[in-house]
Amino acid sequence: MAIRNVRLEGDPILRKKSKEVKEITPKIRVLIDDMLETMYEKDGVGLAAPQVGILKRIVVIDVGDGPIVMVNPRIVREEGTQTGDEGCISVPGKAGQVTRPNDVTVRFMDENGEHYELDGTELLARAICHECDHLEGKLYVDLVEGGLHEVTAEEEE
Ligand code: ZN
């Protein structure tokens with residue numbers, strides 16, 4: 001496993017749409033392992049492949065309940081709203097208020113090609129929406145209400 005270089009806001013790759021993964025190859029498994037290691041190293045709750053410069057539809061999330069690997073995730077249900085502070089490994093040292101669905105259902109494949117459907121609420125729903133946005137070339141800063149503010153490392157998502 002290796003820590004990958006994280007692309008920061010302003011890098012054009014973060015604004016591109018990622019491609020579907022057709023097959024889980026050994027190379028994809030290495031990428032997933034590296035994404036997990038990079039996410040933990042940066043104290044993030046999620047990371048999407050374009051953030052390490054790879055335009056593939058892969059995200060990893062850990063909101064404190066263990067790692068979730070999502071290949072080709074698709075949000076199929078959104079309910080309610082939540083408004084709270086959100087941050088991003090690609091926008092270090094900053095956070096801002098974003099309104100997201102409070103409850104989502106997402107369909108995806110894991111790193112073994114198994115298909116899953118997962119319900120997420122609150123922080124997990126926020127993380128799923130945030131990471132899926134990365135796959136469309138969208139950043140949370142586009143959705144921020146009232147501007148960004150500085151955060152210390154401990155407060156970062
Ligand atoms: Zn992000």
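Analyst: Helices (H or I, at least four residues) and strands (E, at least two) are DSSP runs, numbered from the N terminus. The model is predicted, so local features need pLDDT of at least 70 and side-chain atom pairs count only at pLDDT 80 or more, while totals for chains, interfaces and linings use all residues. Residues are numbered from 1 along each chain as its sequence is written, and side-chain values use heavy atoms, with hydrogens and water left out.

User: How many Å should helix H1 span, and what is found between its end C-alpha atoms?

Analyst: The expected span of a helix is 1.5 Å times one less than its number of residues. H1 covers residues 26–41, so its 16 residues should span 22 Å, and the 23 Å between its end C-alpha atoms agrees with that. Just after H1, Asp-43 has a positive phi of about 55°.

User: Which residues of H1 are buried, and against what do they pack?

Analyst: Buried means under 20% relative accessible area, exposed over 50%, and partly exposed in between (1.4 Å probe, protein chains only). The buried residues of H1 are Ile-28, Leu-31, Ile-32, Asp-34, Met-35, Leu-36, Thr-38 and Met-39. Taking contact as heavy atoms within 4.5 Å, these buried residues pack against strand S1 (46–48), strand S2 (58–61) and S3.

User: Which protein atoms are the donors of the zinc ion?

Analyst: Donors are N, O and S atoms within 2.8 Å of the metal (3.2 Å for Na, K and Ca); water is not among the atoms, so sites may look incomplete. Here the protein donors are the SG of Cys-88 and the NE2 atoms of His-130 and His-134, at 2.0 to 2.3 Å from the zinc ion. The sequence spacing of the donor residues is C-x41-H-x3-H.

User: How many disulfides does the structure have?

Analyst: A disulfide is a covalent bond between the sulfur atoms of two cysteines; the test applied is a pair of cysteine sulfur atoms within 2.5 Å. A search of the whole structure finds zero. For Cys-129, the nearest cysteine sulfur is that of Cys-132, 7.1 Å away. Cys-129 is buried, with 5% relative accessibility, and Cys-132 is buried at 11%.

User: How many salt bridges are counted?

Analyst: Side chains of opposite charge can pair when their charged atoms come close. The rule requires a side-chain nitrogen of Lys or Arg within 4 Å of a carboxyl oxygen of Asp or Glu, and the count comes to 14 salt bridges. One of them joins Asp-103 and Arg-77 at 2.9 Å, N to O. Because Asp-103 is in strand S6 (residues 103–109) and Arg-77 in strand S3, the pair ties together parts 26 residues apart in sequence.

User: Which parts of the chain does the pair of Asp-133 and Arg-100 link?

Analyst: The closest N and O atoms of Asp-133 and Arg-100 are 2.9 Å apart in a salt bridge. The pair links helix H2, which holds Asp-133, with strand S5 (residues 91–100), which holds Arg-100, across 33 residues. Asp-133 and Arg-100 are both buried.
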